[in-house]
Amino acid sequence: MELSIDTSTRYASVGISIEGKIVREYSWLSKQNHSVELLPSIESLLSTYGMVVRDIDCVVVAIGPGGFSALRVGLSTAKALAVAVNVPIIGLNTLDIEAYPFNDVRMPVCSLMDMGRGEMAAALYSAEQGCWTKIQNEQIMAPDDLCSSIKDPTLFSGEGVAYFASILMEHLGKNAVLADQSLPTRSPATLADMGYQRFQKGEHDDVYSLEPLYLRRPSITTRRQHIL
């Protein structure tokens, strides 16, 4: 049995699967309470299927990009569970997760995530010759910069589409094909499928060195000085 965890954004999810096929899943909108909500959600999900933590064979976790605190909660929990039951951990790029359900479309796929400050995280994929490949690595960019780089019809997917749809349509016209998705755009079934493919190949990550993919350094506020 595999456990999938995704706390990349406000839309969090957990799922349990058997050989990559989802059997139970739960998604919710978290109001900055991932640390309070995640473990009870995992325990509840396992109990509804008559399972406990020691029944897990592998932990799959989204590592970002995403929110700083949210990612830390998901990854630290995944690591703790993997160490506790001595099972492999597999980290998945959140933009890869957003794009993967469209790996059979006959055009490039660009997955998007809102990063605040008017910027987005984007990565570009293609299924040329039947091989699903990332052709542009994830990066933070302004919407105008992304639009200027798109020359052909491209399918845009992911949570960020809801934030940038009007800009994409205005700048790209027919070259902007927006995926028909509702929030949350990431499914535990996708994590389960992607993670199990790696698990079958004997691939996994080092539980101690696996880190969140932030793309941007956290904002650090200057400590206030009190005037006596």
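**View 1. Surroundings of Thr94.** Apart from its neighbours within four places in sequence, Thr94 is in contact (heavy atoms within 4.5 Å) with Ser8, Ala62, Ile63, Gly64, Pro65, Met113 and Arg186. Thr94 belongs to helix α3, helices being DSSP runs of H or I with at least four residues and strands runs of E with at least two, numbered from the N terminus. With a relative accessible area of 0%, Thr94 is buried, a term that stands for under 20% relative accessible area with a 1.4 Å probe and protein chains only. The model is predicted, so that local features need pLDDT of at least 70 and side-chain atom pairs pLDDT 80 or more, whereas totals for chains, interfaces and linings use all residues. Residues are numbered from 1 along each chain as its sequence is written, and side-chain values use heavy atoms, without hydrogens and water.

**View 2. Helix α6 and its ends.** After α6 comes Gly202, which has a positive phi near 80 degrees.

View 3. Five strands, with mixed pairing (at least two DSSP bridges between two strands), follow the order β8-β7-β6-β9-β10. The edge strands β8 (133-141) and β10 (176-178) each pair on one side only. Strand β9 (residues 154-157) runs parallel to β10 and is joined to it by 3 bridges, and Phe156 has Leu178 of β10 as its bridge partner.

Key:
Buried means under 20% relative accessible area, exposed over 50%, partly exposed in between (1.4 Å probe, protein chains only).
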